[in-house]
Amino acid sequence: MELKHTSGNWIYECETDLVISEGLLRGIRVVCDINTLNKSKVTREANGFLIAAAPDLLNACHEALRYITPEESAYEILVKAIEKCSNR
């Protein structure tokens, strides 16, 4: 599966409320401005850390599918999460 999201290591910066990508070839890019969500600081931070973890969580879902069978309860959860990330 070809991933089309912003490449690089995603990091949430609490001071700026930005999720950034540290790409090797293109420098730092803004992935998401959390401050536009008009939520409390606690909620913005929780959302920021979750969004920053998204690429790693997607990779973990793909990796986990290699080790479980379709009969296991986690299989469908992983498939649905991956589909949600790929806009299907």
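Residues are numbered from 1 along each chain as its sequence is written, and side-chain values use heavy atoms, with hydrogens and water left out. In this predicted model, local features need pLDDT of at least 70 and side-chain atom pairs count only at pLDDT 80 or more, while totals for chains, interfaces and linings use all residues.

Aromatic pairs were defined by rings of Phe, Tyr and Trp (its six-membered ring) with centres within 6.5 Å, planes under 30 degrees apart counting as stacked, over 60 as edge-to-face and the rest as tilted. The count under this rule is one aromatic pair. It is formed by Tyr 12 and Phe 49, which are arranged edge-to-face at 5.0 Å centre to centre, with 80° between the planes. Because Tyr 12 belongs to strand 1 (residues 9–13) and Phe 49 to helix 1 (residues 41–65), the pair ties together parts that are 37 residues apart in sequence; helices (H or I, at least four residues) and strands (E, at least two) are DSSP runs, numbered from the N terminus. Tyr 12 is buried at 6% relative accessibility, whereas Phe 49, at 44%, is partly exposed, where buried means under 20% relative accessible area, exposed over 50% and partly exposed in between (1.4 Å probe, protein chains only). Helix 1 also contains Ala 54, which is partly exposed at 31% relative accessibility and whose C-alpha atom is separated by 8.3 Å from that of Trp 10, 44 residues apart along the chain.

The axes of helix 1 and helix 2 (residues 73–85) come within 10 Å and cross at roughly 140°, the axes being lines fitted to C-alpha atoms, for helices over the stretch in contact, with angles running from 0 to 180 degrees between N-to-C directions. Helix 1 is therefore oblique to helix 2, since angles under 35 degrees count as roughly parallel, over 145 as roughly antiparallel, 65 to 115 as roughly perpendicular and the rest as oblique. In contact (heavy atoms within 4.5 Å) are residues of helix 1 including Leu 58, Cys 61 and Leu 65, which meet residues of helix 2 including Tyr 75, Ile 82 and Cys 85.

With a disulfide defined as a pair of cysteine sulfur atoms within 2.5 Å, the count comes to zero disulfides. Cys 61 is accordingly in no disulfide, the nearest cysteine sulfur, that of Cys 85, being 6.8 Å away. Cys 61 is buried at 15% relative accessibility, whereas Cys 14 is partly exposed at 23%.
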